[in-house]
Amino acid sequence: MKPKVFISKRIPQEVEDYIAQYCDYKIWNEETPIPNDVLLKEVADVEGLMTPKGIITKEFLNSAPSLKVVSNIAVGYDAFDIEAMKERDVWGTNTPFVLDEAVADLVFGLILATSRRVVEFNNYVKEGKWDRVLDSEESFGKDVHHSTLGIIGMGRIGEKVARRAALGFEMDVLYYNTKRKPELEDKYGITYSDMESLLERSDFVLLLVPLRESTYHLMGEKQFNIMKSSAIFINCSRGQTVNENALIAALQSGVIRGAGLDVFEKEPVAVDNPILKMDNVVVLPHIGSATQKTRFDMAMKAAENLVAGVTGQVPPDLVKELQG
Ligand code: DGY
C-alpha cells in the first residue's frame, strides 16, 4: 500500500504525477488558501504533508498523529515549531538553492524601481500628467551604478545579489553576516562590515536574513536613524525582521528616502497600512520566488523531499535543526 499524503496547494501536473507514482494523495486544488479546519481534517491520517506555509505547531501535530514529514514549498521555515517537531520525530524540509537567482533578480527590481521611481512615473504617464516638466531636484531619481549597497545577511541569495551588484552595476558592496565569508570577498571584491557602519555608509540597505528569535525586529528606530537620509531600504526576507511602525515613522519623517518591500509584518498587508499610500515605497505581495520555472523547481524539490520522507529515506533537504 502506498503511503497517504496531503498537498495543501495547487502544483504543476508533472509534479503531481511524480507524487502519484509513490503516494496515495489528496490535493487542495482551489485558488484560495486552504481553510485551517479543512487542513486539520485532511492531515488526520496522512504520513506526509506538502505545504506552502509550513505553519507547524504542537497543536497541529496533535491533529496529525501519523505524520512523518512536512515538506515546505519554500526556503524559509520560520513557521516550523522545531522543538515540537523534534519531540514528535517529524521531519521538516525546505527548498534551498532553486530560488536564489529569482529572488536576487527581484531584489534588483526593487532597487531600480525605488531609486529610479519607476512605479511613481509609470502612474504619472498613465494618468496623463507628462505635460508637467520633470526637471527639478525633487523629481530626479538616484543612481544605482557605482553606489554603495549594504547587504545584511550573506547567505546564498546574498551572494547572488552581491555578484550582480559588484560585477554588473559596479557597486561597492558591504555585507554584514554572523559568519565572515573571505572567499566571497576575494571573488567579488565585497567588504565585510559591522552592522552600524554598513547602515551609516550604504545608499541601499538590503535585508536578507532568515527570521529567527535573534533577527526579529533587527531593523528598528535605532537602525533607521543611523542610515543616510538619502538611503533606500529593501526587504526581501521576512516582514517580522523589521519593526514596521519604526519603518513607517522613518519614511514619514524623511529619516530615510524610500523603501522597496516584498514582505510585511502581517501578510496580506492591511489595506489601511500607511505604507500603501507612500509614493516613495514600492510594494509587492511576497513574490521573490514567483517565476514559472522557479516555482516549478520548488514544487519538484518539495515533492522529492515528501516522497523520500514517506518512503523511509532521509529527505535531501531536511532542515539543519532536525538533522542527526
Ligand atoms: C521562501 O521560499 O521562503 C519565500 O520567501 C516564499 O515564502
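Biologist: In which loop is the place of Pro 268?

Modeller: Pro 268 sits in the loop between β11 (258-261) and β12. Those labels are DSSP runs numbered from the N terminus, with helices being H or I of at least four residues and strands E of at least two. The model is predicted, so local features need pLDDT of at least 70 and side-chain atom pairs pLDDT 80 or more, while totals for chains, interfaces and linings use all residues. Residues are numbered from 1 along each chain as its sequence is written, and side-chain values use heavy atoms, without hydrogens and water.

Biologist: What makes the peptide bond from Glu 267 to Pro 268 cis?

Modeller: Its omega is near -5°, and the bond is accordingly listed as cis. Most peptide bonds are trans, and most residues other than glycine have a negative phi.

Biologist: Which value of phi does Asp 89 have, although it is not a glycine?

Modeller: Asp 89 has a positive phi of about 60°; the residue lies in the loop between α4 (82-88) and β5. His 217, likewise not a glycine, has a positive phi of about 55° and belongs to the loop between β9 (204-207) and α10 (221-226).

Biologist: Why is Asp 89 called exposed?

Modeller: Asp 89 has a relative accessible area of 66%. With a 1.4 Å probe and protein chains only, buried means under 20%, exposed over 50%, and partly exposed in between. The value of 66% is therefore in the exposed class.

Biologist: Why is His 217 called partly exposed?

Modeller: The relative accessible area of His 217 is 25%, so this residue belongs to the class in between.

Biologist: How do you know that strand β4 and β5 are joined?

Modeller: Two strands pair if DSSP finds at least two bridges between them. Three bridges join β4 (residues 69-72) to β5, so the two count as paired, and they run parallel. One of the contacts links Val 70 to its bridge partner Gly 92 in β5.

Biologist: In what order do the five strands form the open sheet?

Modeller: The order is β2-β1-β3-β4-β5, with parallel pairing. β2 (24-27) and β5 (91-93) stand at the edges with a single partner strand each, so one side of each has no neighbour in the sheet. From one strand to the next, the twist averages 15°; such angles run from 0 to 180 degrees between N-to-C directions, on axes fitted to C-alpha atoms, for helices over the stretch in contact.

Biologist: Which strands does helix α1 touch as it packs on the sheet?

Modeller: Helix α1 (residues 13-22) touches β1 (4-7), β2 and β3 (48-51), where contact means heavy atoms within 4.5 Å. The direction of α1 makes about 145° with that of β2. Helix α12 (residues 292-310) also packs on the sheet, touching β1, β3, β4 and β5, and its direction makes about 175° with that of β4.

Biologist: What lines the largest cavity?

Modeller: The lining includes Phe 233, Asn 235 and Glu 244. On a 1 Å grid over the protein atoms alone, a cavity is a set of points where a 1.4 Å probe fits but cannot get out, and lining residues have an atom within 4 Å of a point. The largest cavity holds about 30 Å³, where volume is the space filled by probe spheres set on the points, joined across faces, edges and corners. β10 (232-235) and α11 (244-252) each supply at least two residues of this lining.

Conventions
1 Å grid on protein atoms, 1.4 Å probe; cavity = no way out; pocket = protein on both sides within 12 Å on 5 of 7 lines; lining within 4 Å.
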